[in-house]
Amino acid sequence: MTGFLFELTFLLAAPVWLLMIFAPRRRVTERLAASPLTVLPILALWAVFAAPVLPELWAAVSSPGIDAFRDLTALANGAGALWAQVIAWDLLLGQWMYRESRRLSISPLLMAPVLLVTILLSPIGLPLFLAVRAIWTSRRKQQPSLVRA
């Protein structure tokens, strides 16, 4: 059962990611990306994973140390809880990046690979997005504005 729930964790986030990447201009994508509620089912799974290992989880977060986290992740539910937490926060991060890119009119063709990297390795995806955003806004400021007569 734990293995199924582990896989379900990402499957709950996948539709939002797919919409942000492949249907960025759709109204449904805009609505989903604007809602923090997308992570609630994932956080519900976090609670299912965390409940049986609450003492180990509490030990790992209240007195952080590599050994406490190693002990926690050695437990299937501990690894599942950490996975669900990562998936939830990565999704929120991806939604923010998507919305920021839409606000700045960054091309969806440019954002698709950035979002894909973020799904896989958010510690690389976020700095990559911040660099793209900085370059994009810098270039827009350098372009002469069109003056209407």
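Guide: A definition comes first. A crossing is right-handed if the near helix is turned clockwise from the far one by less than a right angle, and left-handed if anticlockwise. Bear in mind that this is a predicted model.

The helix to look at is H7, residues 108-120. Begin with its length. H7 has 13 residues, and at 1.5 Å a residue they should span 18 Å. The end C-alpha atoms of H7 are 18 Å apart, so expectation and model agree.

H1 covers residues 2-22. Two packed helices are described by the angle between their axes and the distance between the axes. For H1 and H7 the angle is about 165°, and the axes lie 10 Å apart. Angles over 145 degrees count as roughly antiparallel. H1 and H7 are therefore roughly antiparallel to each other. The crossing of H1 past H7 is right-handed.

Which residues make the contact of H1 with H7? H1 contributes Phe10, Trp17, Met20 and Ile21. H7 contributes Ala112, Leu115, Leu116, Thr118 and Ile119. By class, 8 of the contact residues are nonpolar, 1 is polar and none is charged.

Next, burial along H7. The buried residues are Pro108, Met111, Ala112, Val114, Leu115, Thr118 and Ile119. An α-helix has 3.6 residues a turn, so residues three or four places apart point the same way. The buried residues of H7 pack against H1, but also against helix H6 (76-103) and helix H8 (122-142).

Ser101 sits in helix H6. Its relative accessibility is 2%, so Ser101 counts as buried; the cut-off is under 20%. Setting aside neighbours within four places in sequence, Ser101 touches Ile106, Met111 and Phe129. Of these, Met111 is one of the buried residues of H7.

For comparison, take another helix pair, H4 (residues 54-62) and H5 (residues 66-74). Their axes come within 8 Å and cross at roughly 155°. That makes H4 roughly antiparallel to H5. The crossing of H4 and H5 is left-handed. On the H4 side the contact uses Glu56, Leu57, Ala59, Ala60 and Val61. On the H5 side it uses Ala68, Phe69 and Leu72. These residues divide into 7 nonpolar, no polar and 1 charged.

Technical notes
Residues numbered from 1 in each chain as written. Predicted model: local features only at pLDDT ≥ 70, side-chain atom pairs only at ≥ 80, totals over all residues. Heavy atoms only, no water. Axes fitted to C-alpha atoms, helices over the stretch in contact; angles between N-to-C directions. Helix = DSSP H or I, 4+ residues; strand = E, 2+ residues; numbered from the N terminus. Parallel < 35°, antiparallel > 145°, perpendicular 65-115°, else oblique. Contact = heavy atoms within 4.5 Å. Nonpolar A, V, L, I, M, F, W, Y, C, P; charged D, E, K, R; others polar. Expected span 1.5 Å × (residues − 1). Buried < 20%, exposed > 50% of the residue type's maximum accessible area, 1.4 Å probe, protein only.
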